[in-house]
Amino acid sequence: MTEPVRETGEPLPGAGPVVRKVARVVLLDPEDRVLLLHGHEPEDPGLSWWFTPGGGLEGDETREAAALRELAEETGITDVDLGPVLWTRHCSFPFAGRRWDQDEWYYLARTRRAGAAPGPRTLTELETRSLSGLRWWTSAELSAARETVYPTRLAELLRTLLDEGPPRAPVVLAPEIV
């Protein structure tokens, strides 16, 4: 049974686990760098990680529409060409005092923008308390990173994507339970 959530995907007070359909974006710039957001536990900024832009669907929104909306809200970037679904995965993790269960689809997107992203445009209250920046990463930088990155195999997945192009059908990644 899906627990009640706000339209933003945030839990209602007293609600159990949150189950969300999520659209994420693997955004590449003209230099094949990937854009990642830096987030942290709202009450413990020392517990941080990097992740792709994206979030939960709202109402009867399609995953494609959610991917573009979330990218614009979280990064300010709207000049993108949305490509195919690269990967899907189920993940479950603790965040902001709750357990979140998500069915995630990762879309490839390209932008002609080079350099810094404009920055968040519209954030929820929870995002405001838990996002601390964004950064473009090369494949080599991602492979050498000592910081936590989600999905945990993103460096390997990105290298394969850049070497071989998008898969013919979405690749189902192993579930990640944190």
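Predicted model: local features only at pLDDT ≥ 70, side-chain atom pairs only at ≥ 80, totals over all residues.
Let me start with a criterion. A charge sits over a ring if NZ of Lys or CZ of Arg is within 6 Å of the ring centre and within 35 degrees of the ring normal.

First case: Arg 63. Arg 63 lies over the face of Trp 105, with 4.1 Å to the ring centre. Second case: Arg 135. Here the ring is that of Trp 137, and the distance to the ring centre is 3.8 Å.

Stay with Trp 137. Is Trp 137 buried or exposed? Buried, because its relative accessibility is 2% and the cut-off for burial is under 20%.

Trp 137 also has an aromatic partner. Four aromatic pairs turn up in a search of the whole structure. In one of them, the ring centres of Trp 50 and Trp 137 are 5.2 Å apart and the planes meet at 80°, so this pair is edge-to-face. The threshold for that label is over 60 degrees. The pair bridges distant parts of the chain. Trp 50 sits in strand E3, residues 44–51, and Trp 137 in strand E7, residues 131–137. That is 87 residues apart. Trp 50 is buried too, at 9% relative accessibility.

There is also an aromatic cluster. Its members are Trp 49, Phe 95 and Trp 100.

Now the overall layout. We have four helices and 10 strands. Along the sequence the order reads β-β-β-β-α-β-β-α-β-α-β-α-β-β. The protein has 178 residues, and 47% of them are buried. Take the contacts with a separation of 6 or more: 70% are between residues 24 or more positions apart. The accessible surface is about 8,900 Å², with 54% of it on carbon and sulfur atoms.

Next, the nonpolar cores. The largest has 18 residues. Which of them touch the most other members? Val 26, Val 34, Leu 36, Trp 87, Leu 142 and Leu 161. Strands E1, E2, E5 and E6 and helix H4 each supply at least two residues of this core. H4, residues 154–164, gives the most, with five. A second, separate core has 13 residues, including Leu 27, Ala 67, Val 80 and Val 85.

Last, Trp 87, from that largest core. What does Trp 87 touch, leaving out residues up to four places away in sequence? Val 26, Glu 104, Trp 105, Tyr 106, Leu 154, Leu 157, Val 171 and Leu 173. Trp 105 is on that list, and Trp 105 is the ring under Arg 63. That brings us back to the opening case.

Key
Residues numbered from 1 in each chain as written. Heavy atoms only, no water. Phe/Tyr/Trp six-rings, centres within 6.5 Å; stacked < 30°, edge-to-face > 60°. Buried < 20%, exposed > 50% of the residue type's maximum accessible area, 1.4 Å probe, protein only. Core = buried A, V, L, I, M, F, W, Y, C linked by side-chain atoms within 4.5 Å. Contact = heavy atoms within 4.5 Å. Areas by Shrake-Rupley, 256 points an atom, 1.4 Å probe, with all protein chains shown as cover.
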